[in-house]
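Me: I am new to reading protein models and would like a close look at one part. Could you walk me through the salt bridges and the strands and helices that carry them?

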Amino acid sequence: MTFDHEGLLFDDEGLFLDTARDRLRSALGENAHAVLAVSGARAAVLVDSLTPSEGARVHVIDRDGLYEAPGRALAALHRLALIHEPVTLVAEPPSSSEAMESREWRRLESVLCTALAPLRLRLLCAYDARALTAGARAAVRATHPAMVGPDGPRPNPGYLGTAASGARPDAPEPLSATGPVHRLEIGMSLPRLRRELTALCVSLPIAPHRAEGLVVAVNELAANVLEHGAGKGSVSVWRGPDRWVCDVFDEHGGLADPLAGYRPVDSMRPRGYGLWITRQICDFMEISGNGEGSTVRLHFVDGLGALSF
């Protein structure tokens, strides 16, 4: 068993319950680590539908905690499989009405087969079709190589893989500033940039743990600018609606992959951790640009918080 990524679009609770229960029972019969990460009400009903001995062996985890942010969700799935493999996970991924957030969750789903390919993890992503737009339902079909119906899983001819994520846009999603934009230059001294950014964060009403994460993330991105980019650029920090935003601009524009940082790095390599770490620190990360420069936009959303990495 290697990574197996299946989607379930259900329009009645019975289909969800039957499919999820069968999947968990199959995992328990194979002595796999059976994990459930769905909304609280559905989790309770599902566990109650199992025998007491079966229910006691299913590990129920907080769905909102697992899917707090795309980068951290990927890291959590990676750790889960490394620690407990083989793993069977029945999960209910989030959907969002915000275009940028919806796109980043779709990008996460699109890259899972590449990012988790060698791991012994079977993931069933359950989506309530009644709560999704037509576009969101199409995105589910485009990002899962198999779809599950009443007769079980079938290969999905509509699967697009990483192509479902789309190309790198020229600019980040428009987002209004609700205060001044604070700008710092990326020069040859990373320690100086860290000091200047730390001082800026102290002067702003940013929570200390968020400020610390912002400095670490910007340091990683600025190091990429110096080592792989133009060697110069800028950092802009500003307050947007319900979040702090940080743009890191590279005048070279060579960061062309919108999925950069979504693939776990080889632990034996001394380089390549920057974007992987950055995606876990922030809540959402957009990559955009063209031949005249590239921008990495970091979102630190109110009410969320970076986990350890």
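Reply: Let's start with a word we will need: a residue is called buried when its relative accessible area is under 20%, exposed when that area is over 50%, and partly exposed in between. Glu54 has a relative accessibility of 18%, so Glu54 counts as buried. Keep in mind that this is a predicted model.

Arg25, at 33% relative accessibility, counts as partly exposed. As a general idea, side chains of opposite charge can pair when their charged atoms come close.

Now follow helix α1 to the sheet. Helix α1 lies across β1, β2 (33-37), β4, β5 and β6 (146-149), and runs at about 155° to β1. Helix α7 (residues 134-143) lies across β1, β5 and β6, also at about 155° to β1. The sheet itself is open and has seven strands in the order β3-β2-β4-β5-β1-β6-β7, with mixed pairing. At its edges stand β3 (59-60) and β7 (152-155); each has a single partner strand, so one side of each is left without a neighbour in the sheet.

Look next at β4 (residues 87-91) and β5, which run parallel and are joined by five bridges. In one of these strands, β5, you can find Leu123, the bridge partner of Leu89.

Strand β5 also brings us back to charged pairs. Arg122 forms a salt bridge with Glu6, and their closest N and O atoms are 3.5 Å apart. Here, too, distant parts of the chain are linked: Arg122 sits in strand β5 (residues 121-128) and Glu6 in strand β1 (residues 4-10), 116 residues apart. Glu6 is buried, with a relative accessible area of 3%.

For another setting, turn to Arg183 and Glu185, whose salt bridge has its closest N and O atoms 2.3 Å apart. Arg183 counts as exposed at 53% relative accessibility, while Glu185 counts as partly exposed at 48%. Salt bridges can also share partners: in this way Glu13, Arg42, Glu92, Asp128 and Arg130 are joined into one network.

Key. Residues numbered from 1 in each chain as written. Predicted model: local features only at pLDDT ≥ 70, side-chain atom pairs only at ≥ 80, totals over all residues. Heavy atoms only, no water. Salt bridge = Lys/Arg side-chain N within 4 Å of Asp/Glu carboxyl O. Helix = DSSP H or I, 4+ residues; strand = E, 2+ residues; numbered from the N terminus. Buried < 20%, exposed > 50% of the residue type's maximum accessible area, 1.4 Å probe, protein only. Pairing = 2+ DSSP bridges. Contact = heavy atoms within 4.5 Å. Axes fitted to C-alpha atoms, helices over the stretch in contact; angles between N-to-C directions.
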